[in-house]
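Good morning, and thank you for joining. May I ask you to look at the model on the screen while I go through helix packing, the core and a few individual residues?

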Amino acid sequence: MNRLDIQPQLVEDILVRFLRVEAGKFGFTRAVLGLSGGIDSAVSCALAARAFGAKNVLAVMMPYKTSNPDSEGDARQVVAKLGCESRKVDISKLADGYFDTVDVADKIRRGNVMARARMIVLYDLSVEWRGLVIGTSNKTEILLGYSTQFGDAASALNPLGDLYKHQIYQLARHLELPSSVVDKAPSADLFQGQTDEAELGFTYAEADRILELMVDQRYSVDDLLAAGFAQDFVAKIGRRIALNQYKRLPPVIAKLSERTVNHDFRYLRSWGH
Amino acid sequence: MPMDCRVVLAQVEPTLGNVALNLETHVREIRAAIDEQADIVVFPELSLTGYFLKDQTSEVALALDSAELEQIADLSRRISIVVGFAERGRDGRVYNAVAWFEDGELLELHRKVHLVHYGMFDEGRDFAPGERFRAFESKHGRFGLLICEDMWHVGSSWLHFLSNVDALIVASAGPARGVTEDETGLRSTHVWNKIHDTLALLYQTWIVYVNRVGSEDGILFGGGSRCVDPHGRETAAIAGLEPGRATAHLSSDVLRRARVATPLRRDEKPWIIARELARLGSGAQPQ
């Protein structure tokens, strides 16, 4: 048994209630999300379908011209399985409009532009659909900073943000998502042949194991070395977590007055709601 | 005085900072409890105000003579009522408080002693701590009031045990957490249940625990309200994370039998503890 193993039915119940209650506070009963054909967005979509009813969930497929065509096929299988509403918005023109104006060769930058183009689409459609944007970032990638700020990381509610990748797999199987979605190698599909694990330089299983000890169990560096982790791996993960903290927080505001937003103006979003 | 009363556990879902709306929920729950001829209705911690108040704390704090609490007091002519709220003290401090209203009057006020400020909690910043644990006589029996973290410090319940309470009433706003496969269900629920069962058994008292549900910016509260008898056995419970209501029957017969079988209070030696505390002197003070 893996120490990260969750009770999937319990997690499903909590997350469905979370989505319903948090959206309901602000008068929302519908959701919109980007469905990539990958496991994370499929799990978010399944949870949203259970929380709001499948017909109240709009799954948006947003391929770029270089996207792997299998991704759309996998996304369509998820839509068929869940019975939610779907729409395809090809972002090639949107992204290319920018690439035609500003020459971008760096594939990381190109990937970020695509991720942000998808964010533009989702936030626009959320107005038309009258639904909140549901996030698809899991705890592993949030901690590692493996996401595009204001891109795929942008959402109103994120049901997956406290689940490691291993736990996402468990939940996906529990939710009976198509095996083609669950079993393929995770990829951001921002350029051809990309896989998360090749890009990160370690596996999700390795990342999950060390992250859970570091973050949840509060292991110190010495504790981690004693537990058998290599020094350079511990250092690399620690650096990634710290370097990417900026992605997890709102923009920095310079304090001038006696009371400053995000410093000493302390209110939850649930403010009378 | 023998105790024989019916207590309604009102597992509600307060809305953060919306006292008017929460008051409506309270009135509805109180009326439902009156309809079922209960003697006491218990609400969770900060039930009238919501929990993660932060800068709202002083904005929504209620003075004991506020119109909202007057309305609760008025309803208490028909049923005893325990409610939680941010209390604006006459000294200008704000306390995390629960009040017991009975026969139209405030009978007892408990201000949370063990404010919690670690992990996700920051109560020490927003509230002033209470300074005492006092048992009191209601027309339904002898009670002690605790708020959530108070129960994690065994001395709180021990003092009530020394004061010979029939029942501990615990108002709580405990988050739901821990979903791995160590046990079935939430780890937070298991931990609370262990505490209730153990303290009920060791202090031979009824324990009525009322926790809230709902979500405040993604933190879900775990519910799991329940009643445990002086043998540490559950006699009423509300399962799940939804609002709900359960009725527990508290009687002195069960207390008497438990205390005859195992006379822990009779054999307790608090004077030894007092002597040892005195001996520790400054060692017992904050470090």
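Let me begin with the two chains together. Chain B places 22 residues in contact with 21 residues of chain A, where contact means that the C-beta atoms of two residues, placed from the backbone, lie within 7 Å. On the side of chain B that touches chain A, seven residues are nonpolar, 10 are polar and five are charged. In this classification Ala, Val, Leu, Ile, Met, Phe, Trp, Tyr, Cys and Pro count as nonpolar, Asp, Glu, Lys and Arg as charged, and the others, Gly among them, as polar.

A word on the model and its conventions. This is a predicted model, in which local features need pLDDT of at least 70 and side-chain atom pairs count only at pLDDT 80 or more, while totals for chains, interfaces and linings use all residues. Residues are numbered from 1 along each chain as its sequence is written, and chains are lettered from A and ligands numbered from 1 in the order in which they are written.

I turn now to the core. The largest nonpolar core has 149 residues; such a core is a set of buried Ala, Val, Leu, Ile, Met, Phe, Trp, Tyr and Cys residues joined through C-beta atoms within 7 Å. Buried means that 20 or more other C-beta atoms lie within 10 Å of a residue's own, exposed means 12 or fewer, and partly exposed is in between, with C-beta atoms placed from the backbone. Which residues have the most contacts inside this core? They are A:Cys45, A:Ala48, B:Val42 and B:Val208. Helix 2 of chain A gives the most to the core, with 10 residues. Here helices (H or I, at least four residues) and strands (E, at least two) are DSSP runs, numbered from the N terminus. Beyond its neighbours within four places in sequence, B:Val42 is in contact with several residues, including B:Val7, B:Leu9, B:Ile169 and B:Val208.

Helix 2 of chain A also packs against other helices. Its axis and that of helix 1 (residues 8-25) of chain A are 9 Å apart, at an angle of about 65°. Axes are lines fitted to C-alpha atoms, for helices over the stretch in contact, and angles run from 0 to 180 degrees between N-to-C directions. The crossing of helix 1 and helix 2 of chain A is right-handed. A crossing is right-handed if the near helix is turned clockwise from the far one by less than a right angle, and left-handed if anticlockwise. Helix 1 of chain A contributes A:Leu15, A:Val16, A:Leu19 and A:Arg20 to the contact, and helix 2 of chain A contributes A:Leu47, A:Ala48, A:Arg50 and A:Ala51. By class, this contact has six nonpolar, no polar and two charged residues.

Helix 2 of chain A passes helix 7 of chain A in a left-handed crossing. The contact joins A:Ile39, A:Asp40, A:Ala42 and A:Val43 of helix 2 of chain A to A:Ile168, A:Tyr169, A:Leu171 and A:Ala172 of helix 7 of chain A. Seven of these residues are nonpolar, none polar and one charged.

A:Asn138 is found in the loop between strand 4 (132-133) and helix 6 of chain A and, with 29 C-beta neighbours inside 10 Å, is buried.

Finally, some backbone geometry in chain B. Most residues other than glycine have a negative phi. B:Gln37, not a glycine, has a positive phi of about 60°, and B:Leu46, also not a glycine, has one of about 50°. Are these two residues buried or exposed? B:Gln37, in the loop between helix 1 (19-35) and strand 2 (40-42) of chain B, is exposed, with 10 other C-beta atoms within 10 Å. B:Leu46, in the loop between strand 2 and helix 2 (57-60) of chain B, is buried, with 31 C-beta neighbours inside 10 Å.
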